[in-house]
Amino acid sequence: MPELPEVESLARFLADHLAGRAVDRVYPVAVHALKTYDPPVTALEGGACEGVTRYGKFLDCQVGGLHLVLHLARAGWVRWSDKLPAVPPRPGKGPLALRVRLAGADGAGFDVTEAGSQKHLAVYVVRDPREVPGVTRLGPDPLSADFTPEAFRALLEGERRQIKGVLRDQSVLAGIGNAYSDEILHAARMSPFKLAAKLSEEEVERLYAVIGATLQEAVERSRGLALKDLKAEKKSGLRVHGRKGEPCPVCGDTIREVSFSDSALQYCPTCQTGGKPLADRRLSRLLK
């Protein structure tokens, strides 16, 4: 799933490539992905690209006074082409959900795609990004100047949930998902099951510093890369997420996993839980 660093990189790439260009045609290929109908996606045609912004995991392309807002969900992506096919795309069972062709003889533009059978990609065309419900409910951005130690401390006050779930809650912090919450907690040497309200002052300060450092490092690693290379860069840069059974790069212990119904987390027992493996709750239920 694209998270804050990848969406930030997408925003920077598109901002550079769309600057000063106008939209020629918009092809809505997967109608189920469209979450708004007024204004229609065709209202973007003829509009000039005025900038690209990120709100958490949402990508916002500003076109002629309107906003094309994308949420890439679990398996969505943006693919740039210096020359799109001349033939308009047809609706079908493929991954293509939306095509945006820019004005000009070069035929440049981008496709929005979604792999897999679970279709959760969301496309909005709005006059104000705050019309998108997911944008409205976002918490502070971890890379913004407003995200101070005091603000983070206030977010955790009275929070009775496990810290892993708190970090993933978009209404608490915008942009952190399953992968980077694993990375952040590993770098902070903290159990994902630790209750947020029981963090000590030192743990809160350590976690705050690690959140910014982990996300900023991921953004910097992606700087200047082509869109097609961002996914591979993310995977190669992760130290524990998705690395079950591999040695921890810090201590050498074996990275463990806890599975849930629709996701899994990875962690290092030595670095994060005092050497004790966490209970795999899905496996525990099967053994009852």
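This is a predicted model: local features need pLDDT of at least 70, side-chain atom pairs count only at pLDDT 80 or more; totals for chains, interfaces and linings use all residues.
Four strands make up an open sheet, and their order is β1-β6-β7-β5. The pairing is antiparallel. Which strands stand at the edges? They are β1, residues 23-28, and β5, residues 76-81. Each has a single partner strand, so one side of each has no neighbour in the sheet. On average, neighbouring strands here are turned by 15 degrees against each other, with direction ignored. As a reminder, strands of a sheet pair through backbone hydrogen bonds, either parallel or antiparallel.

β1 is joined to β6, residues 96-102, by five bridges, and the two run antiparallel.

Now the helix. α1 has 15 residues and covers 20 Å from its first C-alpha to its last, close to the 21 Å expected at 1.5 Å a residue.

How many of the residues of α1 are buried? The count is 11 of 15, so the helix is mostly covered. Among the buried ones are Leu-4, Val-7, Leu-10, Phe-13 and Leu-14, and also Glu-6 and Glu-8. Just after α1 comes Gly-20, with a positive phi of about 75 degrees.

α1 also packs against another helix, α7, residues 227-237. The angle between them is about 160 degrees and the axes are 11 Å apart. Over 145 degrees counts as roughly antiparallel, and α1 and α7 are therefore roughly antiparallel to each other. The crossing is right-handed. On the α1 side the contact is made by Glu-6, Ser-9, Leu-10 and Phe-13, and on the α7 side by Leu-227, Leu-230 and Lys-234. In an α-helix, residues three or four places apart point the same way, because there are 3.6 residues a turn.

Gly-56 is in the loop between β2 and β3, where β3 is residues 58-63. Is Gly-56 buried or exposed? With a relative accessibility of 2%, Gly-56 counts as buried. Leaving out residues up to four places away in sequence, Gly-56 touches Leu-4 and Val-7, as well as Leu-138, Asp-141, Ala-174 and Gly-175. Thr-148 is 92 residues from Gly-56 along the chain, and their C-alpha atoms are separated by 17 Å.

Last, the backbone in the loops. Most residues other than glycine have a negative phi, and most peptide bonds are trans. Here are the entries to check against that.

The peptide bond between Asp-38 and Pro-39 is cis, with omega about 5 degrees. Pro-39 sits in the loop between β1 and β2, residues 49-55.

Ala-73 is not a glycine, yet its phi is positive, near 55 degrees. Ala-73 is in the loop between β4, residues 66-71, and β5. Ala-73 is buried, at 9% relative accessible area.

Arg-189 also has a positive phi, about 55 degrees, and is not a glycine either. Arg-189 is in the loop between α5, residues 178-187, and α6, residues 201-222. Where Ala-73 is buried, Arg-189 counts as partly exposed, at 46% relative accessibility.

That is the end of the list.

Technical notes:
Residues are numbered from 1 along each chain as its sequence is written. Side-chain values use heavy atoms; hydrogens and water are left out. Two strands pair if DSSP finds at least two bridges between them. Axes are lines fitted to C-alpha atoms, for helices over the stretch in contact, and angles run from 0 to 180 degrees between N-to-C directions. Buried means under 20% relative accessible area, exposed over 50%, partly exposed in between (1.4 Å probe, protein chains only). The expected span of a helix is 1.5 Å times one less than its number of residues. Angles under 35 degrees count as roughly parallel, over 145 as roughly antiparallel, 65 to 115 as roughly perpendicular and the rest as oblique. A crossing is left-handed if the near helix is turned anticlockwise from the far one by less than a right angle, and right-handed if clockwise. Contact means heavy atoms within 4.5 Å.
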